[in-house]
Amino acid sequence: MKKYLAEMIGTMVLVLMGCGAAVFAGAGQPFASVGTLGVAFAFGLAVLAMVYTIGKISGCHINPAITLGLLLSKKISAKDAGLYMIFQVIGAIIGSAILYVLAKDSGSTTTFTGANGYTDLLPAFVAETVFTFIFVLVVLGVTSKGANNQFAGVAIGLALVLVHIVCIPITGTSVNPARSIGPAIFQGGEALSQLWLFIVAPFLGAAISAVVWKVIDTEQE
């Protein structure tokens with residue numbers, strides 16, 4: 001149970017800090033603006049902090065797409081994978097609830113989801129698939145046998161920063177179904193109608209990364 005609770009707490013922190021940066025300090029807000037780069041680093045630093053906080057307990061997935069990638073790579077059992085995903089979503093909902101309470105009367109005009117209100121779903125689907133593929137591939141690589149695992153958290157955190165820098169203008173960046181489900185529940189409307197994309201595309205990207213890593217990983221030769 002401890003590892004499931006760790007995943008819940010880690011995902012809560014990710015959503016609260018990452019989405020919180022977008023809500024309170026994103027470009028155009030009445031607060032000190034950190035812009036796209038600041039929001040990207042907020043997500044990356046949240047992951048980095050959690051890797052070194054709960055990594056020894058649960059491995060710090062805090063993302064159903066990562067859990068799926070590790071499941072397909074046979075690095076986690078189906079039972080643990082299912083419970084990880086459930087507790088990740090619960091954590092995202094808790095983080096979103098806290099953020100909702102903090103932001104509802106703040107004057108912020110940014111939505112919880114970070115979505116840009118786009119109408120062309122194809123570029124969004126491609127972006128979420130490709131960037132999740134890249135992110136999960138990094139996770140599989142730096143946590144694999146023979147890698148320098150001591151700095152895995154740094155690589156994963158910076159990879160997420162990089163993904164956000166490029167993807168925020170396209171979709172607002174999710175690459176994490178739990179991170180989208182929690183905020184969408186409170187945002188409602190368009191966020192809920194487009195939620196399927198932020199679930200299906202990241203899972204597809206994670207599945208592709210698991211296949212690709214199996215092909216290129218020298219430890220499996």
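These are my notebook entries on a predicted model of one protein chain.

**Ground rules.** I number residues from 1 along each chain as its sequence is written, and I use heavy atoms for side-chain values, leaving out hydrogens and water. In this predicted model, local features need pLDDT of at least 70 and side-chain atom pairs count only at pLDDT 80 or more, while totals for chains, interfaces and linings use all residues.

**Entry 1, layout.** I looked up the elements first. The protein chain has 9 helices and 0 strands. I take these as DSSP runs numbered from the N terminus: helices are H or I with at least four residues, strands are E with at least two.

Buried means under 20% relative accessible area, exposed over 50%, and partly exposed in between, with a 1.4 Å probe and protein chains only. Next I looked at contacts, meaning heavy atoms within 4.5 Å. Of those between residues at least 6 apart in sequence, 77% join residues at least 24 apart.

I searched for nonpolar cores: sets of buried Ala, Val, Leu, Ile, Met, Phe, Trp, Tyr and Cys residues joined through side-chain atoms within 4.5 Å. The largest has 52 residues, and Val47, Ile62 and Phe135 have the most contacts inside it. Helix H1 gives the most to this core, with 12 residues. I then followed Phe135. Leaving aside residues up to four places away in sequence, Phe135 touches Asn63, Ile66, Ile156, Ala159, Leu160 and Val163.

Pro169 lies in helix H6. Is Pro169 buried or exposed? Pro169 counts as exposed because its relative accessibility is 56%. Thr36 is 133 residues from Pro169 in sequence, yet their C-alpha atoms are 8.3 Å apart in space. Leu158 is also placed in helix H6. Leu158 has 48% relative accessibility, so I list it as partly exposed.

The unreviewed UniProt entry annotates "transmembrane region" at residues 35–54, 81–102, 122–142, 154–175 and 195–216. Such annotations may be inferred rather than shown by experiment. I checked two of these spans. Residues 35–54 are 100% helix and 0% strand, with end C-alpha atoms 29 Å apart. Residues 154–175 are 82% helix and 0% strand, with end C-alpha atoms 18 Å apart.

The protein chain exposes about 9,900 Å², and carbon and sulfur atoms supply 70% of it. I note that these areas come from the Shrake-Rupley method with a 1.4 Å probe.
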